[in-house]
Amino acid sequence: MTICTETSSRITNLECSVCGAPHSAFKLQRVSVCHGMPLIARYDLLDPLPKTSINLGEASMWRYRELLPLLEDENRVSLGEGFTPIIALQNLASRYNLRSLVLKDEGKNPTGSFKARGLSMAISKAKELGVQGCIVPTAGNAGVAMAAYCAKAGMRAVVAMPRHTPKAFKEECYWYGAEVQLIDGLINDCAAWVRETNADGHLLDVSTLKEPYRIEGKKTMGYEIAEQLGWHLPDVLLYPAGGGTGLIGIWKAFREMQALGWLPADVKLPRMVAVQAENCQPLVETFLGRQANSQQYNGKPTIANGLAVPRPLGEPLMLNVLHESQGTAVSISEDEMLEGMRELGKQEGLFVAPEGAAVWMAARKLLASGWLSADEQILLLNTGSGQKYLENVEGRYDQ
Ligand SMILES: *Cc1c(COP(=O)(O)O)cnc(C)c1O
């Protein structure tokens, strides 16, 4: 079927992330038919697209509309996601003698995390392709975001989350009208329930990287970082990696901007750091060569719920980013995350998610080991607000 449409999207097709086999970008797709692995959206980047194509009046991720996969604007399901601020952390910079330390605050997104970007994009595409309902296994934030965007789109929403997830995540899903299934275990156990419940595929499974468009929403962080920093990228970017959509998406954005000529020809892309929780650090283990891959890895719960992803489907793609960027992978303990939350709270007035605190503590570790130097430009990605995590952290501000 050919869809005839007035579109300003530059999307051309989808590619299997393993072998590059093309798949149509104009019908409903999940993973690649050849390898059962993530599909990556490709755009026409050769035809010149000036930076003036950015819609400056649109203070959301939709300002990069032509580099997003949506064909018809009327299908956009938006709550104002993206274009979050980059904040200078002067107090911590002077305390640690750092030349440049900034934080992109994704906690300011609708539903309180950067999951809003990916789910706005995925649910918009689902609407465009006639989907009636969606299902997702989640560590918390993805379920909340999916519930909100499905509500806005008038779709059914089914969310499976670990029983131990803080109450605020569950409550918010209920208030958006989602059906919530609580599961004993971690996100991979939720995923098993989703596979069983949705064996006939009557709902669209928007699990991380099991459909091609969440990554396209999350890549807008990469475009924003470049635009907000005057098309000059930081030396090092630290990111809390669970399923890895953001890490993969930001790197994809950097590559797209290089192809478009939006970055200086001699640009040095940032070294990308994946930060995990000691309780669940599959990527760190594989990166350090302690296991061939994470397919048998068992993780434990962590106060950084978003990092409890023991067997990420996108592991090979994340490892590529770390290798191509000459980056690294670091893990952080539960106590260290609390210390990071205290520091960002008391020094900078930011109540970040434990995931965001982990990223700051990883920067400290890498400074101490000499991998990072104090005169480099450091960008921390805080992926969520601390407000939903109260049961994990309450009362621990004073230690
Ligand atoms: C989901 C989540 C992460 C991990 O993001 P991925 O894209 O799955 O790597 C990090 N932080 C928070 C707050 C999250 O909700």
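## Salt bridges

A search of the whole structure finds 24 salt bridges, a salt bridge being a side-chain nitrogen of Lys or Arg within 4 Å of a carboxyl oxygen of Asp or Glu. The structure is a predicted model, in which local features need pLDDT of at least 70 and side-chain atom pairs count only at pLDDT 80 or more, while totals for chains, interfaces and linings use all residues. Residues are numbered from 1 along each chain as its sequence is written, and side-chain values use heavy atoms, with hydrogens and water left out.

One network of salt bridges links E58, R65, D73 and R76.

## Pairs involving helix α6

E224 forms a salt bridge with K104, with the closest N and O atoms 2.8 Å apart. The two residues come from distant parts of the chain, 120 residues apart: E224 belongs to helix α6 (residues 214-228) and K104 to strand β5 (residues 100-105). Helices (H or I, at least four residues) and strands (E, at least two) are DSSP runs, numbered from the N terminus. Both E224 and K104 are buried, where buried means under 20% relative accessible area, exposed over 50%, and partly exposed in between (1.4 Å probe, protein chains only). E224 also meets R117 in a salt bridge, at 2.7 Å from N to O. Because R117 lies in helix α2 (residues 115-128) and E224 in helix α6, this pair ties together parts that are 107 residues apart in sequence. R117 counts as buried at 0% relative accessibility, and E224 has a relative accessible area of 0%.

A salt bridge also joins the side chains of K252 and E216, at 2.8 Å from N to O. K252 is in helix α7 (residues 245-260) and E216 is in helix α6, so the contact ties together parts that are 36 residues apart in sequence. K252 counts as buried because its relative accessibility is 8%; E216 is buried at 0%.

## Ligand surroundings

There are 16 residues around the ligand, of which K115, K218, G244, T245 and T383 come nearest; a residue is near a molecule or strand if one of its heavy atoms lies within 4 Å of it. For N141, an N or O atom of the side chain is 2.9 Å from a ligand oxygen. The protein covers 96% of the 380 Å² of accessible area that the ligand has on its own, with areas taken from the Shrake-Rupley method with a 1.4 Å probe; for residues, only the protein chains shown count as cover.

An unreviewed UniProt entry places the feature "domain: Tryptophan synthase beta chain-like PALP" at residues 77-384. UniProt positions follow the numbering used here, feature names are shortened, and annotations may be inferred rather than shown by experiment. Over residues 77-384 the chain is 43% helix and 17% strand, and its end C-alpha atoms are 21 Å apart.

L379 sits in strand β13 (residues 377-382) and is buried, with a relative accessible area of 0%. Its C-alpha atom is separated by 10.0 Å from that of M272, a residue 107 positions away along the chain.

## Helix α10

Helix α10 (residues 334-348) has 15 residues and reaches 21 Å from its first C-alpha to its last, close to the 21 Å expected at 1.5 Å a residue. The expected span is 1.5 Å times one less than the number of residues. Among its buried residues are E334, M337, L338, M341, L344 and E348. Just after α10, G349 takes a positive phi of about 70°.

Key:
A polar contact is a pair of N or O atoms within 3.5 Å; within protein, one must be able to donate a hydrogen and the other to accept it, and residues adjacent in sequence count only if both atoms are side-chain atoms.
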